[in-house]
Amino acid sequence: MTMEMKDSGSVVLTAYHPHSPARIPGMEQSFVQDIPSSRSPGSRKSLPRCRRINRMLSNESMPTSPPAFTRSNSQASVDSTSMEDFWCEVESIKESSEDGPEEATLLEFKPADEGELEAEWLQDVGLSTLISGAEEEDGQALLSTLTRTQAAAVQKRYNTYTQTLRKKNKHTVRDVRDIFGTSDSSPTFETVPVSPVPSNGIQLPGQKPVWKSVSSNSCLDCGLDKGSSSITEELSYEVSFSESITVLPKTREWTKSQRFKKEDSALPKFIVRKSRFGLTEVGDLSPEDMKKIRYLSLIELTAFYDALGVELKRNRAERVRRRENGLFGVPLTVLLENDQKKVPGIKVPLIFQKLLLKLEETGLETEGILRVPGSASRVKNLHQELEAKFYEDTFDWNQVRNNDAAGLLKMFIRELPSPLFTVEYLPAFITLVEKIPKIKLQLQALHLLIMLLPEANRDTAKAFLQFLKKVVANEGKNKMNLWNVSMIVAPNLFIYKGKRANQQEMQAAATTAHIVRLLIRYQDILWTVPSFLISQVRKMNEAAINNSKRQLMFDKGVRKLLRRKTMERERPERPEGAVTFPPYLQSDIPEGVIRVYAPLHSKVSMAIQLNSQTKAKDILARFHCENSRGLSQNVRSQIQSLHEVGGNIGQHCLDPDAYMLDVYRANPQAEWVIKPKAS
């Protein structure tokens, strides 16, 4: 079964229901019948079907009559022959779907009533308090961290929501001025100043970010060596992306800059410099803090699109039925729940890991890997055998040919009940290329979308993109460059099988291939958490702690205790024999000294005096030197990292190049623990 999810833009995404219970009439027909052609039937049969489709997208197939539809800018900017692999893959997907399993997994799509999208948005960003009217500390803490553009985005959605409710006369709606304490007729949120902040997320008084000189370890260099562009741009994580937009390109310049080329050298090279706080990867933060990163990323993405004058579209989907067991067509969360019983802490489904491992071991140098399809009958049989034998560890992987393994890998991605990049935000992925002119701006939007992904989707996507990067790195032997790989992968991620492709989907062909190209090329940047988001998480945690302290102060029992303590302090006499310690003895640890704990080492703690040049890796080296003889072989084999725990952060695995005195001053209440880094 299929359903169309339409937005008001130029793209129609067809929802993917991988196991169709009944064949829809006409589904078996080729999707090219929707497009008229001036060529004779005989000439059409002389070309492969995927090539005929591609020809129909070019003006040469319709020399005397106007085109059946207007091609998008992105499609027009890529010559038709360069997209041939894309349409061959679409045809292969269509043919494989006709012999697919019959069990159904359905998604029901409901149209949004006026105001419902805004209400869902407020809930998704952690501001349900604005809807319920409850005084929730988390919501207040979040609002206290917003920048000017972020606050404007929240206010715009809240105003739309309240105006809609007033029209419907559902109930009395709180005025935005009552919530945020503003008195002006045009209420605004109180925002945080938009000054550059260092990578830990805290702007120290009177201190400016300090940049190191460029070296092999001092920056994140994202670009492919072969055919890389000579253009190098620096990305800043210090200021929110939406605040950095000052001038919009004119409309006529917008479409001109929209065109892109398929050559790898057309992509610029981006560098992210390390500040004294280093860089933070997605897995370096605790799940609680990553949840707050997701809230802030959606607010920032909305503010970013608002600043560019682009509408942020979202789909609404409600799952009706899904498979709860097996390998293919099962939600990632269900797969991981089952796999974690076997391998605790696993983040990527075992079957997906095994397919990637098989291809990395034997398939990276196979010519045409991913592009050349395996045998349809073999892939079908292997699919059935995997479902029956995988968890019993009786499946023979030696029998799997490389092209068949690639087919199974793509099948796994296509048959996920919800797309890898989620149903909700697929229109936003398309829009970032269709409507945003510059690659740097596209990359910033893509970065925020990656931060928005659920953990299971983000970890699985990361593993997949790392594999694709290895495929491209072996281009000399497998003949698969970045654009080739992107064309093959794009329809598996963004265009669903089981339905004839329509004209809008054909328009989006080059767009989706370009998105995949950005994902592969800049993946190291995309899985690094922007420091301005970490800054806001720290401030959220600090605000929540302060709110809790204030609430505690008003507790009746606490007030009574404080009153009694105050009376005791006011007594002039002192007990005989009482001793007063000097201030320097009342503190366990002097200023600039941290106590580091290493529970897996023989020497479990050590006080370390910090100076301006002490790095996290220096502390690790000192512990390793003093504990090398007492370490077990298991501990030696693990990668140990220094973690910042508590204070204004949940848990933070520090970059080895982080300068510890700066981190300490940013979070003086933290504990410092050496333990293995989460894989």
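Phenylalanine 395 and tryptophan 397 are both buried, where buried means under 20% relative accessible area, exposed over 50%, and partly exposed in between, with a 1.4 Å probe and protein chains only. The model is a predicted one, in which local features need pLDDT of at least 70 and side-chain atom pairs count only at pLDDT 80 or more, while totals for chains, interfaces and linings use all residues. Residues are numbered from 1 along each chain as its sequence is written, and side-chain values use heavy atoms, with hydrogens and water left out.

The structure holds 13 aromatic pairs. Rings of Phe, Tyr and Trp (its six-membered ring) pair if their centres lie within 6.5 Å; planes under 30 degrees apart count as stacked, over 60 as edge-to-face, and the rest as tilted. Phenylalanine 395 and tryptophan 397 form an edge-to-face pair, with 4.8 Å from centre to centre and 75 degrees between the planes. Phenylalanine 421 and phenylalanine 494 form a stacked pair, at 6.0 Å centre to centre and 10 degrees between the planes. This pair links distant parts of the chain, 73 residues apart: phenylalanine 421 sits in the loop between helix 15 and helix 16 (426–434), and phenylalanine 494 in helix 20 (residues 482–494). Helices (H or I, at least four residues) and strands (E, at least two) are DSSP runs, numbered from the N terminus. Phenylalanine 421 counts as buried because its relative accessibility is 1%, and phenylalanine 494 counts as buried because its relative accessibility is 1%. Elsewhere, Phe241, Phe304, Tyr305 and Phe532 form one aromatic cluster.

Threonine 422 also lies in the loop between helix 15 and helix 16. Its relative accessible area is 6%, so threonine 422 is buried. Leaving aside residues up to four places away in sequence, threonine 422 touches Leu453, Pro454 and Asn457; contact means heavy atoms within 4.5 Å.

Next come two helix pairs. Two packed helices are described by the angle between their axes and the distance between the axes. Axes are lines fitted to C-alpha atoms, for helices over the stretch in contact, and angles run from 0 to 180 degrees between N-to-C directions.

The axes of helix 13 (residues 350–362) and helix 15 (residues 402–414) come within 10 Å and cross at roughly 150 degrees. Helix 13 and helix 15 are therefore roughly antiparallel; angles under 35 degrees count as roughly parallel, over 145 as roughly antiparallel, 65 to 115 as roughly perpendicular, and the rest as oblique. Their crossing is left-handed, the term used if the near helix is turned anticlockwise from the far one by less than a right angle, with right-handed used if clockwise. On helix 13 the contact involves Ile351, Phe352, Leu355, Leu356, Lys358, Leu359 and Thr362, which meet Asn402, Ala405, Ala406, Leu408, Leu409, Phe412 and Ile413 in helix 15. By class, this contact has 11 nonpolar, two polar and one charged residues. Ala, Val, Leu, Ile, Met, Phe, Trp, Tyr, Cys and Pro count as nonpolar, Asp, Glu, Lys and Arg as charged, and the others, Gly among them, as polar.

Helix 5 (residues 116–124) and helix 8 (residues 148–168) have axes that come within 8 Å and cross at roughly 135 degrees. Helix 5 and helix 8 are therefore oblique to each other, and their crossing is left-handed. Glu118, Ala119, Trp121 and Leu122 of helix 5 make the contact with Ala153, Val154, Arg157, Tyr158, Thr160 and Tyr161 of helix 8.

Over the whole protein there are 29 helices and 12 strands, and buried residues make up 52% of the 679 residues.
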